[in-house]
Amino acid sequence: MPTYAYRCRVCADSFELHRPMSESGAPASCPQGHDDTVKLLTTVALTGSAQAPAPSGGGCCGGACGCG
């Protein structure tokens with residue numbers, strides 16, 4: 001289940017909620033009970049070794065386009 005981050009406009013606390021994507025736009029109350037909250041834009045960092053290898057050879061495109 002996705003995690004969504006929010007910030008309360010009343011007390012300035014930040015908090016996270018786990019909720020289904022179908023409820024991503026639903027209002028959220030902060031842990032202090034305030035209803036004036038805003039959903040924050042969050043990013044996901046992807047790491048790992050499943051990246052394509054860099055082309056070998058000459059030029060800017062590995063020599064396949066004749067630019068070198």
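Modeller: Read along the sequence, the protein follows the pattern β-β-β, with 0 helices and 3 strands. Helices (H or I, at least four residues) and strands (E, at least two) are DSSP runs, numbered from the N terminus. The model is a predicted one, in which local features need pLDDT of at least 70 and side-chain atom pairs count only at pLDDT 80 or more, while totals for chains, interfaces and linings use all residues. Residues are numbered from 1 along each chain as its sequence is written, and side-chain values use heavy atoms, with hydrogens and water left out.

The strands form an open sheet in the order E2-E1-E3, with antiparallel pairing. Its edge strands, each pairing on one side only, are E2 (14-18) and E3 (37-39). Neighbouring strands are turned by 35° against each other on average, direction ignored; here axes are lines fitted to C-alpha atoms, for helices over the stretch in contact, and angles run from 0 to 180 degrees between N-to-C directions. Two strands count as paired if DSSP finds at least two bridges between them. In general, strands of a sheet pair through backbone hydrogen bonds, either parallel or antiparallel.

Strand E1 (residues 3-8) is joined to E2 by 5 bridges and to E3 by 3 bridges. On the E2 side, Tyr6 stands opposite Phe15; on the E3 side, Arg7 of the sheet faces Val38 as its opposite residue. The hairpin of E1 and E2 has 5 residues between the strands, and Ala12 there takes a positive phi near 65°.

The loop between E1 and E2 also holds Asp13. Asp13 is partly exposed, at 33% relative accessibility; buried means under 20% relative accessible area, exposed over 50%, and partly exposed in between (1.4 Å probe, protein chains only). Not counting residues up to four places away in sequence, Asp13 touches Tyr6, Arg7, Cys8 and Gln32, where contact means heavy atoms within 4.5 Å. The C-alpha atoms of Asp13 and Pro31 are separated by 8.5 Å, although these residues lie 18 apart along the chain.

Leaving aside neighbours within four places in sequence, the contacts of Cys8 include Phe15, Cys30, His34, Asp36 and Thr37.

Asp36 also takes part in a salt bridge with Arg9, at 3.6 Å from N to O between the side chains. By the rule that a side-chain nitrogen of Lys or Arg lies within 4 Å of a carboxyl oxygen of Asp or Glu, the count comes to 1 salt bridge. Asp36 lies in the loop between E2 and E3 and Arg9 in the loop between E1 and E2, so the pair ties together parts that are 27 residues apart in sequence. Asp36 is partly exposed, with a relative accessible area of 37%, whereas Arg9 is exposed at 55%.

Cys8 belongs as well to the largest nonpolar core, whose 6 residues are Tyr4, Tyr6, Cys8, Phe15, Ala28 and Cys30. A nonpolar core is a set of buried Ala, Val, Leu, Ile, Met, Phe, Trp, Tyr and Cys residues joined through side-chain atoms within 4.5 Å. The largest share of this core, 3 residues, comes from E1. Of the 68 residues of the protein, 13% count as buried.
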